[in-house]
Amino acid sequence: MNHKILVVDDDSIMLDAISSILKPKGYLVTACANGEDALNKIKENSFELVLSDISMPGMSGLALLGEIKKLKPDLPVIMMTGSAELQYAIEAIRKGAFDFLIKPFAAEYLYYTIYKALEYHRLFRMENDYKASLENTVQQRTAELFLALKQLKGANRDMIQRLAMIAEYRDEHTGLHIKRISAYAEVMARAMDMPAEFVETISLTSMMHDIGKVGIPDYILLKEGSLTKDEFEIMTEHPNIGFNIFANSDHPILKMSSAIARHHHERFSGGGYPQGLKGDKIPIEARITNICDQYDALRSRRPYKPPFDHAKTVRIITQGDGRTDPTHFDPEVLKTFINIADKFQAVCDQCQ
């Protein structure tokens with residue numbers, strides 16, 4: 001490889017001597033008589049090394065060194081000086097010069113000093129190239145991982161929605177109920193300033209709230225009219241069935257699915273099922289899903305009731321109607337629901 005070297009010296013004899021020493025060795029030498037011309041050539045060309053005299057009229061070698069380090073800090077500079085100017089050479093090293101040569105110098109010493117500087121430049125470029133390559137590889141792998149995770153999340157949502165529809169399809173063929181519950185739960189969790197991971201997870205897992213209905217006989221699940229006491233007892237087993245489907249898993253999605261499936265019929269004031277839990281003993285994800293499910297049930301047609309409009313539904317949840325009472329809900333969840341009830345209405349209207 002022919003290395004490009006810039007030599008700067010106001011002494012034309014020294015310029016000719018250095019050029020005559022280096023060119024036979026294959027170096028591509030560019031000569032300059034002053035610092036100003038040298039700086040312009042550095043801006044226009046890609047040199048691998050600069051040899052500069054320290055004492056020059058106009059822009060001194062030290063001034064040129066400072067400008068080079070501003071312009072191309074990785075470009076090695078070897079300063080040349082007479083023995084009487086040794087203090088300037090030391091100052092040059094402090095300012096970033098790679099090395100210095102004391103005139104007159106032997107050709108072999110010049111070759112050796114140049115070799116060291118060029119090797120330093122080569123290794124430095126290799127390191128920078130490696131870092132750039134590594135950074136590009138990391139960015140590429142990160143992008144690939146992001147895409148894979150995005151695809152996995154999409155697959156998870158699709159799988160969960162299809163699994164939830166196993167139970168949903170038996171009494172509502174559209175599957176829109178679980179989509180609405182997912183949307184209600186997401187806007188509720190976001191309004192309660194839950195962590196982003198919680199918001200994302202509950203939007204998935206809330207769809208699984210009634211998965212336990214797969215274990216309820218059709219004559220009860222699809223019955224027109226009110227259930228008998230015995231039939232109601234069987235119906236109240238669907239939270240336990242849902243819990244058992246997801247039990248004993250450490251995966252965050254399945255753990256939350258299990259909690260929601262088991263506890264979404266519990267009441268904050270007590271008296272719910274299947275365990276009769278009260279207050280904070282009910283997981284927050286179940287407390288959120290509970291009010292979402294109640295809102296959608298009131299808005300939907302049931303064998304025992306027509307669909308209610310938004311205003312009446314909000315009134316029943318906030319004031320009660322004999323079956324539903326405000327004390328059934330977590331006060332903070334209920335307060336949030338009141339503040340964002342219009343968003344529930346929007347979800348319901350869009351998902352019919």
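Student: Which residues are exposed on the other side of helix 14?

Tutor: This is a predicted model, in which local features need pLDDT of at least 70, side-chain atom pairs count only at pLDDT 80 or more, and totals for chains, interfaces and linings use all residues. Residues are numbered from 1 along each chain as its sequence is written, and side-chain values use heavy atoms, with hydrogens and water left out. Buried means under 20% relative accessible area, exposed over 50%, and partly exposed in between, with a 1.4 Å probe and protein chains only; helices (H or I, at least four residues) are DSSP runs numbered from the N terminus. On the other side of helix 14, the exposed residues are Lys335 and Asn339.

Student: Where do the buried residues of helix 14 lie around the helix?

Tutor: In helix 14, residues 331-339, the buried set is Val333, Leu334, Thr336 and Phe337. Seen down the axis, these fall within an arc of 160° (taken from the directions from the helix axis to the C-beta atoms), so they line one face of the helix.

Student: Which helices are included in what covers the buried residues of helix 14?

Tutor: The criterion is contact, meaning heavy atoms within 4.5 Å. The cover includes helix 6 (176-191), helix 12 (284-299), helix 13 (310-319) and helix 15 (341-350).

Student: Is histidine 177 buried or exposed?

Tutor: Histidine 177 lies in helix 6, and a polar contact of 3.2 Å joins its side chain to that of histidine 209. Such a contact is a pair of N or O atoms within 3.5 Å; within protein, one must be able to donate a hydrogen and the other to accept it, and residues adjacent in sequence count only if both atoms are side-chain atoms. With a relative accessible area of 4%, histidine 177 is buried.

Student: What separates the C-alpha atoms of phenylalanine 268 and glycine 279?

Tutor: Phenylalanine 268 sits in the loop between helix 11 (252-263) and helix 12, and is partly exposed at a relative accessible area of 21%. Leaving aside neighbours within four places in sequence, its contacts include Gly279, Asp330 and Pro331. Phenylalanine 268 and glycine 279 are 11 residues apart along the chain, and their C-alpha atoms are separated by 4.6 Å.

Student: On which side of helix 3 are its buried residues?

Tutor: Helix 3 spans residues 61-71, and its buried residues are Gly61, Leu62, Leu64, Leu65 and Ile68. They cover an arc of only 155° around the axis, which puts them on the same side of helix 3.

Definitions and conventions. Helix = DSSP H or I, 4+ residues; strand = E, 2+ residues; numbered from the N terminus.
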